[in-house]
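Me: I would like to learn how to read a model like this one. Can we go through it step by step?

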Amino acid sequence: MAGRVQIPTNNSALIAMIADEDTVVGFLLAGVGNVDLRRKTNYLIVDSKTTVKQIEEAFKEFTTRTDIAVVLISQYVANMVRFLVDSYNKPIPAILEIPSKNHPYDPAHDSILSRVKHLFSTESVASRH
Amino acid sequence: MEVADHKAPTLENGQLADENADVLQFMDSMDAYFTLLHSLSSTLRQYQIQGWLELASARHSMGAYRVNTVLLDHTSHSAATTLLVTQDEGKVDSVEPRFTLCKWGSSSNEKFLGEKQSSQDQLHPQLRHRGSTQLSEEKTSSENKASCEIDDQVQKGRSKSLSVFGTLVSPKLRSAQLSFETALETLVEMANARSEMLYAFDKVDKKLGDGKE
């Protein structure tokens with residue numbers, strides 16, 4: 001039951017990033033970069049050589065870490081792992097799709113909007129009556 | 001029988017009103033979310049584009065080898081900008097997290113300095129017996145001192161972050177840093193709006209699911 005789930009409060013939770021080089025560098029300048037003792041970072045820089053599997057692994061890792069509260073993911077990267085992003089339904093970490101330099105934000109692909117659309121879709125409504 | 005007949009419609013009307021209230025709350029929060037998303041996306045893109053352009057300009061003036069991910073610090077270090085995650089106190093049975101951005105440790109510093117100030121007030125109660133003007137002057141100067149300490153902390157954090165790209169950096173790189181900081185603030189607002197909407201959505205979805213059963 002969703003009502004009984006407690007949110008682990010955290011006074012120094014991290015912001016993770018899965019995005020292109022310039023976006024990651026920009027947010028690292030803003031101080032969000034973290035490297036732990038095992039040299040694990042809270043970001044993945046996506047370029048032409050990054051595979052879909054690497055993106056999937058990073059997404060799964062960041063969404064299961066307890067020290068991460070928000071995951072920023074460029075929308076064009078999220079589209080590569082759309083099935084993973086849309087099937088994610090936990091409140092924390094929050095997944096935010098952000099625009100990138102060459103790919104403006106498209107609300108039609110937003111995972112939240114997809115979920116809302118499904119709620120009001122004709123099939124969904126018909127199944128309840 | 002007449003009493004029972006009156007009670008049954010009242011109970012159904014109460015449940016219906018309750019469900020309608022949840023649906024209305026969801027529709028309101030969805031409307032607020034998408035309105036905010038639209039304006040914040042424009043703002044975010046504005047600051048991101050500004051940040052990207054400034055980064056490109058810094059790369060042009062400093063050289064591509066100096067503004068490069070190869071230079072990123074891969075030794076163990078903690079993030080200077082983090083999030084404070086709390087649960088909305090008004091909703092005990094909810095899963096609605098609230099996010100507060102702590103830039104360069106500033107929110108935690110403000111809290112620490114506030115606690116330090118209140119503990120100093122407790123140690124020196126004789127201050128309360130002084131004239132009100134003198135007391136307010138002392139309070140203002142201590143607040144200014146606290147504010148200066150926070151500013152120093154922030155500036156040190158910013159300088160440390162920039163130092164990854166060398167001692168002398170382009171002013172454009174500093175501007176890019178500020179643009180992305182502002183973009184972060186926008187993103188945290190979006191995260192809170194999203195969280196609020198998802199909370200309302202889950203309530204409606206659950207009610208509809210119960211209705212189906």
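Me: What is the mean pLDDT of chain A?

Reply: This is a predicted model, so begin with confidence: where pLDDT is low, the predicted coordinates should not be read in detail. Chain A has a mean pLDDT of 84. In that chain, 84% of residues reach 70 or more.

Me: Where in chain A is confidence lowest, and where highest?

Reply: Helix α6 of chain A (residues 122-127) is lowest, with a mean of 56. Helix α2 of chain A (residues 52-64) is highest, at 96.

Me: Which residues touch the most other members of the largest nonpolar core?

Reply: In soluble globular proteins, nonpolar side chains tend to be buried together. Here the largest nonpolar core holds 54 residues. A:F27, A:V70, A:L72, B:L83, B:F99 and B:L173 touch the most other members. Helix α4 of chain B (residues 171-212) gives the most to this core, with 15 residues. A second, separate core has 21 residues, including A:I68, A:Y76, A:L84 and A:I95.

Me: What does B:F99 touch?

Reply: Leave out residues up to four places away in sequence. B:F99 then touches A:A69, A:V70, A:I92 and A:A94 in chain A, and residues of chain B including B:L83, B:V188 and B:N192.

Me: Is A:T63 buried or exposed?

Reply: A:T63 sits in helix α2 of chain A. A:T63 has a relative accessible area of 8%, under the 20% cut-off, so it is buried. Its side chain reaches the backbone oxygen of A:F59 at 2.7 Å. A polar atom of the A:T63 side chain also lies 3.2 Å from the backbone oxygen of A:K60. Beyond four places in sequence, A:T63 touches A:Y88, A:K90, A:P93 and A:I95.

Terms used:
Residues are numbered from 1 along each chain as its sequence is written. Chains are lettered from A and ligands numbered from 1 in the order in which they are written. This is a predicted model: local features need pLDDT of at least 70, side-chain atom pairs count only at pLDDT 80 or more; totals for chains, interfaces and linings use all residues. Side-chain values use heavy atoms; hydrogens and water are left out. pLDDT is the predictor's confidence in each residue, from 0 to 100. Helices (H or I, at least four residues) and strands (E, at least two) are DSSP runs, numbered from the N terminus. A nonpolar core is a set of buried Ala, Val, Leu, Ile, Met, Phe, Trp, Tyr and Cys residues joined through side-chain atoms within 4.5 Å. Buried means under 20% relative accessible area, exposed over 50%, partly exposed in between (1.4 Å probe, protein chains only). Contact means heavy atoms within 4.5 Å. A polar contact is a pair of N or O atoms within 3.5 Å; within protein, one must be able to donate a hydrogen and the other to accept it, and residues adjacent in sequence count only if both atoms are side-chain atoms.
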